[in-house]
Amino acid sequence: MPEFLNEGDKVAIISPASNPKRTIVDSLASIVESWGLVPVLGEHVCRPSGYYAGSPQERRQDLISALEDPEIKAILCTRGGYGTLQVLKGLKPDIFRDHPKWIVGYSDITALLSAEICAGNMSIHSNMGHQLALGGGTDSISLMLKNLLFGTLPTYHNPPHHFDNYGSAEGILIGGNMSVYESLIASDFDFFKAVDAKNAIIFIEDIGEDVKKIERMLNHLILNGIIDNVNGIIVGRFVNCRDQYSGNTVFDIFHSTLKDLNIPIAYDFPVSHDETHNYPLIEGCRVRLDVGPEGSTLKFLGSK
């Protein structure tokens, strides 16, 4: 677990993937300042290169500079989209291991969060630049992130869902965007190499994918001995993921595939591409998941 932040600490703002608008970066810097922290902009944070924020080499250098600067205590990404896998090319988990600090983001940034897990570090799956700027840094989700960065370990409660599997389990929390971490399987940044599935609780979300593709990815994880061996599963919200032919939802597919597993499974948990329903989650943290008739509870236990 990296050190939590204190007032006056420096926070790097970088763009490992898609190019953000300058107004978003400026708003994000103002929010960081309002939290009592000092924003440090990456050299290429807004450098347009087609769809990306600079070339892979430029984005990689911004990441390396933020990691290696001892005064930077956390790294806040501006947006996801696509391109983070390009940044990881040529890197090894050692650079993350040698410079433990909070990396904050989700969606395509799941690749960096997985890299942190492989290095033995925790990280934060959370709203980032674009979403924080939209909420002005004072909405409930943004304040959850602020409190977490300053050291408050959360406990989340979620209403019951009719597909929930009841039970209780502890494990190391890992997960994020399904499309991204499925693409990392067998690489140096596959967090299932670092965390034994039998000691893991996994969370899953995605956006804009056809239900058939979601089912294919789910079965790929099963064939790799992952899904049917974990201690618990948190099924987040899948935004704009539909099957125009069968009418099946993502939850229908997950339930029909996973219903016989004797583990707690919480459905419709507020982790998603909907910025108003994307609770900050500490990747790599030991958690307790309880699922019952009154709903599900996710409690962060820290390093123990």
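Author: The side chains of Q86 and Y52 are joined by a polar contact of 3.4 Å; a polar contact is a pair of N or O atoms within 3.5 Å, where, within protein, one atom must be able to donate a hydrogen and the other to accept it, and where residues adjacent in sequence count only if both atoms are side-chain atoms. The side chain of R59 also makes a polar contact with the side chain of Q86, at 2.5 Å. The model is a predicted one, in which local features need pLDDT of at least 70 and side-chain atom pairs count only at pLDDT 80 or more, while totals for chains, interfaces and linings use all residues. Residues are numbered from 1 along each chain as its sequence is written, and side-chain values use heavy atoms, with hydrogens and water left out.

Q86 belongs to helix α3, residues 84-88; helices (H or I, at least four residues) and strands (E, at least two) are DSSP runs numbered from the N terminus. Because its relative accessibility is 18%, Q86 counts as buried; the term means under 20% relative accessible area, with exposed over 50% and partly exposed in between (1.4 Å probe, protein chains only). Leaving aside residues up to four places away in sequence, Q86 touches Y52, P56, R59 and R60, a contact being heavy atoms within 4.5 Å.

V25 counts as buried because its relative accessibility is 1%. Beyond residues up to four places away in sequence, V25 touches P20, L41, V45, C46 and T78. The C-alpha atom of V25 is separated by 33 Å from that of S303, which stands 278 residues away along the chain.

H161 lies in the loop between β8 (155-158) and β9 (167-177), and H161 counts as buried because its relative accessibility is 16%. Its contacts, not counting residues up to four places away in sequence, are with F251, Y267 and D268. D268 in turn is located in the loop between β12 (265-267) and β13 (281-283). With a relative accessible area of 26%, D268 is partly exposed. The phi of D268 is near 60°, a positive value in a residue other than glycine. Most residues other than glycine have a negative phi. N240 is likewise not a glycine and has a positive phi, of about 55°. The loop between β11 (232-239) and α11 (250-258) contains N240, which counts as partly exposed at 48% relative accessibility.

As for the whole chain, the protein has 11 helices and 15 strands. Its radius of gyration is 18 Å, which agrees with the value near 19 Å that a compact globule of 304 residues would have; the radius is taken over C-alpha atoms, and the globule rule is 2.2 Å times the number of residues to the power 0.38. Along the principal axes, the C-alpha atoms fill a box of roughly 50 × 35 × 35 Å. Of the 304 residues, 58% are buried. Among contacts with a separation of 6 or more, 79% are between residues 24 or more positions apart.
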